Amino acid sequence: MLLVTLAWAAPDRVAAVLDTTSAVGDLAVSPDAAFVAFTTTAGELILFDTLSWYFWNIETPSTATHGVALGNGYLAAGLSDGTVQIYTVDAYSGPTEWLWVDLGGTIEGLTADSTYFYVAYSVEESNPTVQGFSFESGESTGEGTTLAPSGFEQIGARLMARGTGDAGETLGGEASDLSV
């Protein structure tokens with residue numbers, strides 16, 4: 001492969017190469033863009049430092065396949081044993097294990113802002129719950145919210161019942177008039 005760039009437009013490095021045969025499972029970028037973290041389909045948890053261009057393959061107590069999120073100075077990884085492992089991250093020195101939160105269920109996904117991470121998880125046959133936690137302490141921000149699929153089904157049924165005609169006119173009246 002040949003990479004051609006203009007000298008005045010080229011960064012000091014063209015690419016960073018990670019030697020892995022696995023596909024990316026989940027990806028997160030820190031709010032300050034200093035780090036990119038991702039999981040692979042083989043269960044690896046990898047942190048990329050955008051300042052040093054260094055990759056860290058992070059050892060986890062179980063397979064990190066259920067999500068990753070980054071806050072300012074923190075990384076959260078959802079593990080297959082139902083825990084979220086928290087790491088502090090620092091430019092040039094990489095991740096350090098900080099604490100963990102045991103959710104006792106299956107982690108469906110993670111996201112974060114600069115100071116909190118939010119996790120969707122389910123316990124046994126219950127509907128998924130979304131709950132927020134502090135990166136710094138691991139403390140919950142509250143009881144969480146249960147996601148009820150019936151609410152989404154009702155919304156979908158109302159939208160399908162309304163529809164639009166060929167000219168874009170609304171059919172079926174107001175959504176509040178429809179019974180599901």
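**Stop 1: the aromatic pairs**

Start with the rings: the structure holds 7 aromatic pairs. For Phe, Tyr and Trp (its six-membered ring), a pair means ring centres within 6.5 Å; planes under 30 degrees apart are stacked, those over 60 are edge-to-face, and the rest are tilted.

Select Tyr-54 and Trp-56. These two form an edge-to-face pair, 4.8 Å from centre to centre, with 65 degrees between the planes. Is Trp-56 buried or exposed? Trp-56 counts as buried because its relative accessibility is 16%. Tyr-54 is partly exposed, at 44%. The cut-offs are these: buried is under 20% relative accessible area, exposed is over 50%, and partly exposed lies in between (1.4 Å probe, protein chains only).

Next, select Tyr-74, Trp-98, Phe-117, Phe-133 and Phe-135. Ring pairs link these residues into a cluster.

**Before moving on**

This is a predicted model: local features need pLDDT of at least 70, side-chain atom pairs count only at pLDDT 80 or more, and totals for chains, interfaces and linings use all residues. Residues are numbered from 1 along each chain as its sequence is written, and side-chain values use heavy atoms, with hydrogens and water left out.

**Stop 2: the whole chain**

Zoom out and show the cartoon. The protein chain has 12 strands and 1 helix. Along the sequence the pattern is β-β-β-β-β-β-β-β-β-β-β-β-α. Helices (H or I, at least four residues) and strands (E, at least two) are DSSP runs, numbered from the N terminus.

Now switch to the surface. The protein chain exposes about 10,800 Å², and carbon and sulfur atoms supply 53% of that area. Accessible areas come from the Shrake-Rupley method with a 1.4 Å probe; for residues, only the protein chains shown count as cover. Of the 180 residues in the protein chain, 33% are buried.

What share of the contacts with a separation of 6 or more joins residues 24 or more positions apart? In the protein chain that share is 31%. A contact means heavy atoms within 4.5 Å.

**Stop 3: the sheet E1 to E4**

Select residues 24-29, which are strand E1, and 54-58, which are strand E4. They are the edge strands, each pairing on one side only, of an open sheet of 4 strands in the order E1-E2-E3-E4, with antiparallel pairing. Two strands pair if DSSP finds at least two bridges between them. From one strand to the next, the twist averages 20 degrees. Axes here are lines fitted to C-alpha atoms, for helices over the stretch in contact, and angles run from 0 to 180 degrees between N-to-C directions.

E1 and E2 run antiparallel and are joined by 5 bridges. Look at Asp-26: Thr-39 in E2 stands opposite. Then find Val-29, whose bridge partner in E2 is Val-36.

**Stop 4**

Select Ala-33, in the loop between E1 and E2. Its phi is positive, about 60 degrees, although Ala-33 is not a glycine. Ala-33 counts as partly exposed because its relative accessibility is 43%.

Go on to Trp-53. This residue lies in the loop between strand E3 (45-49) and E4. Trp-53 is not a glycine, yet it has a positive phi of about 60 degrees. With a relative accessible area of 26%, Trp-53 is partly exposed.

**Stop 5: the sheet E5 to E8**

Here 4 strands form an open sheet in the order E5-E6-E7-E8, again with antiparallel pairing. Select its edge strands, E5 (68-71) and E8 (94-102), each of which pairs on one side only. Neighbouring strands of this sheet are turned by 20 degrees against each other on average, direction ignored.

Now select residues 74-78, strand E6. E5 and E6 run antiparallel, with 4 bridges between them. Gly-71 stands opposite Tyr-74 in E6. Tyr-74 also belongs to the ring cluster from the opening stop.

**Stop 6: confidence**

Colour by pLDDT, the predictor's confidence in each residue, from 0 to 100. The protein chain averages 76, and 69% of the residues score at least 70. Select residues 1-10. Their pLDDT stays under 50, and the model has 2 contacts for them beyond four places in sequence. Then select residues 162-180. The pLDDT is below 50 there, and this stretch has 20 contacts in the model beyond near neighbours in sequence. Where pLDDT is low, the predicted coordinates should not be read in detail.
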